[in-house]
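Walk through this model with the coordinates open. We begin at a hairpin, then turn to a strand, a surface patch, the cavities and a helix.

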Amino acid sequence: MRKSIFAISLYFNCFATALAVANPLNLFVDQCLQFNAIQEIAIPQEWQLSATSHPSLSMNSGNSLVEFEATLLTLNNLNDRNNYYRNFTKHPEQQQQLLNCQVHLADELSALLNNIDANQLEKDLIHRKQNNAKDASTLYIKTIQHIQKQQLSYDVKSQLHSLQAMIRHYFMQDFSFHATKSCALAEIVDNAQESPKAKSTTEANVAHYLLSQTDDSCRQQAWFAYQTRVKPQNKLNLLALHKLKNQLAVQSGFSNVADHQLSVHSLTAAQLNRFLDSQTINIELAPWDLPRELQALPKVSVAPHQSLLFLEQMFTLLSEFDLRFELISTTDNPFRLYRVWLSQRLLGEIYVELDEHTSKINHHRIKQAVIGHQFGQYGLKLPLNLTTVKQHNDVVFIVSDIINQLAKGSPFYYLNHQDISLANQSLGSYWLSAWFVNKLGLEYTTSARVQLLQSFAQQQRIFKAKVALLFYQQADLSNYFLYESSLHKSVSNAFNDSFGVPWPTGADAIFSYQAIANQGISYYLLQWQETLAQLILNETLSSSQAKDIFDVLIVNEHNQAIYDQLSAIFKQPMDFENLLRRINYAGTKQE
């Protein structure tokens with residue numbers, strides 16, 4: 001038995017014995033922990049460690065791929081269901097059970113991939129490329145190969161997760177800003193018996209200080225203090241994480257982490273830098289002045305909508321893409337079941353719950369749609385009414401994301417799952433969301449306040465993406481002090497380019513946000529996808545064009561890579577150079 005599962009099994013067996021009659025969650029966890037990938041997943045004969053290389057095997061592996069996919073779905077469905085339960089389970093013991101399940105499934109996937117011969121897989125891939133490079137099975141094998149290469153040893157995985165957990169822990173701690181006497185707010189001085197200080201435990205409290213403080217230098221001091229609040233605790237953790245990731249990059253044949261991660265996205269560091277520069281606009285607004293600038297603008301007037309009516313309005317608009325929503329449940333309970341059809345193809349179901357006790361919008365995947373194997377299932381939870389800009393934006397994007405995942409046209413789970421697929425990321429979600437905003441004509445989108453927030457958020461994302469890129473381009477930071485001065489200058493210049501003010505100790509930004517540890521280089525993807533979505537939307541002049549874009553970008557039946565999709569949409573060969581030229585000169589910059 002693999003060592004991480006041994007301890008887990010001991011824990012679970014003891015815990016399960018103490019439980020009374022098993023409930024559905026306990027039954028699920030029991031099923032999860034008993035799952036054995038080697039026994040239950042049919043590895044194609046031509047991939048097995050004991051296989052000999054015969055070209056004829058690759059020629060006849062269509063049925064074996066179907067069988068492999070069908071049995072692999074068991075593992076993937078268990079993982080999706082586990083993630084679904086984790087969103088709703090609050091009891092610590094049940095949370096621990098689900099965490100055990102997650103670890104077990106990860107170990108089983110590793111065991112499965114370790115039993116696939118990498119050399120045999122490569123030979124099969126080469127053979128398929130020679131016969132049909134754009135066939136779905138070719139991309140599927142390439143994806144399996146990519147996942148296999150991403151597997152880490154138990155020790156490395158433990159180090160990585162431990163460092164990320166420690167970094168996350170310190171970001172969750174309360175923060176106290178100790179102001180100088182001249183920078184203390186009057187309301188705090190009045191209540192203080194000793195040295196004055198302004199205590200902030202949340203971003204909201206920091207924003208309150210920035211809003212109330214009239215002195216620019218004091219606001220700047222407070223903002224920098226908040227940004228660098230965890231640097232003393234996390235500096236060594238993040239540098240250790242950098243060293244670990246860099247070792248993995250070198251083992252994979254790359255000189256640094258940035259080159260390693262960007263190779264998956266078919267980009268180079270130089271290309272990403274050029275894209276980020278193309279999106280950089282000096283908004284001439286220091287972050288510590290944002291609250292006061294917003295206060296001077298009129299508040300946004302948002303027309304309230306009943307959530308259900310707004311949702312069904314969106315469903316009606318989607319008929320433009322031959323999507324149809326069949327209401328199955330018409331009872332008075334808070335759940336409504338919609339069956340989703342694309343023309344005559346059943347995509348899956350959306351369970352909608354209306355909750356009068358919440359103001360948040362949440363959605364969860366229950367099951368991924370895979371053509372020929374299973375329909376998709378999603379849960380969507382809404383408040384009774386939408387009364388804020390955020391609520392409207394959340395509903396628009398979440399519905400777009402659900403449709404983007406339901407409508408994928410591949411018979412392989414990994415090619416439909418946007419977090420795994422090499423062909424499909426979440427660009428379709430961003431394009432459909434932008435299309436919805438245009439169609440719905442939401443009045444708040446033209447508000448000066450909303451536009452300022454959007455411009456600021458965009459430059460903040462671009463700046464952070466530049467910081468992540470700069471950090472992970474460094475090949476060796478074991479002696480950080482030697483590089484700190486150069487990093488200060490580079491990061492400060494990037495900050496000045498977006499906000500019109502320098503950050504004298506700019507390298508501190510490396511330690512100021514958690515995503516640099518978790519998302520790393522991939523942090524740029526949000527800005528990349530939003531920019532491409534707006535570029536594509538600007539090409540949409542008619543309903544027929546929108547339908548064609550939907551089919552190419554979202555359904556993507558032929559599993560086209562991003563540049564092939566863009567070539568079909570723009571009706572000319574597209575590569576990075578052509579794409580950047582369009583971004584720069586086609587009027588798509590967000591002013």
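In the hairpin of strands β5 and β6, two residues lie between the strands, and S343 takes a positive phi near 55 degrees. The model is predicted: local features need pLDDT of at least 70, side-chain atom pairs count only at pLDDT 80 or more, and totals for chains, interfaces and linings use all residues. Residues are numbered from 1 along each chain as its sequence is written, and side-chain values use heavy atoms, with hydrogens and water left out.

Strands (E, at least two residues) and helices (H or I, at least four) are DSSP runs, numbered from the N terminus. Strands pair if DSSP finds at least two bridges between them. β5 and β6 (residues 345-355) run antiparallel, joined by eight bridges. V340 stands opposite G348 in β6. β5 also has strand β4 (residues 323-327) as an antiparallel partner, through five bridges. There, L323 stands opposite L342 in β5.

Why is β5 largely enclosed by the rest of the structure? Six of the eight residues of β5 (residues 335-342) are buried, so the strand is largely enclosed. Buried means under 20% relative accessible area, exposed over 50%, and partly exposed in between (1.4 Å probe, protein chains only).

Now the surface. F481 sits in helix α22 (residues 480-499). F481 counts as exposed because its relative accessibility is 66%. F481, L482 and Y483 make a nonpolar surface patch of about 370 Å². Patch residues have over 30% relative accessible area and no salt bridge; nonpolar side chains (Val, Leu, Ile, Met, Phe, Trp, Tyr) are joined within 5 Å, like charges within 9 Å. A salt bridge puts a side-chain nitrogen of Lys or Arg within 4 Å of a carboxyl oxygen of Asp or Glu. Areas come from the Shrake-Rupley method with a 1.4 Å probe.

A cavity is a set of points, on a 1 Å grid over the protein atoms alone, where a 1.4 Å probe fits but cannot get out; lining residues have an atom within 4 Å of a point. There are three cavities of 30 Å³ or more. α21 gives the largest share, three residues.

Last, helix α25 (residues 543-555). Its buried residues include A546, K547, F550 and V555. N556 follows α25, with a positive phi near 45 degrees.

Key. 1 Å grid on protein atoms, 1.4 Å probe; cavity = no way out; pocket = protein on both sides within 12 Å on 5 of 7 lines; lining within 4 Å. Points joined across faces, edges and corners; volume = space filled by probe spheres on them.
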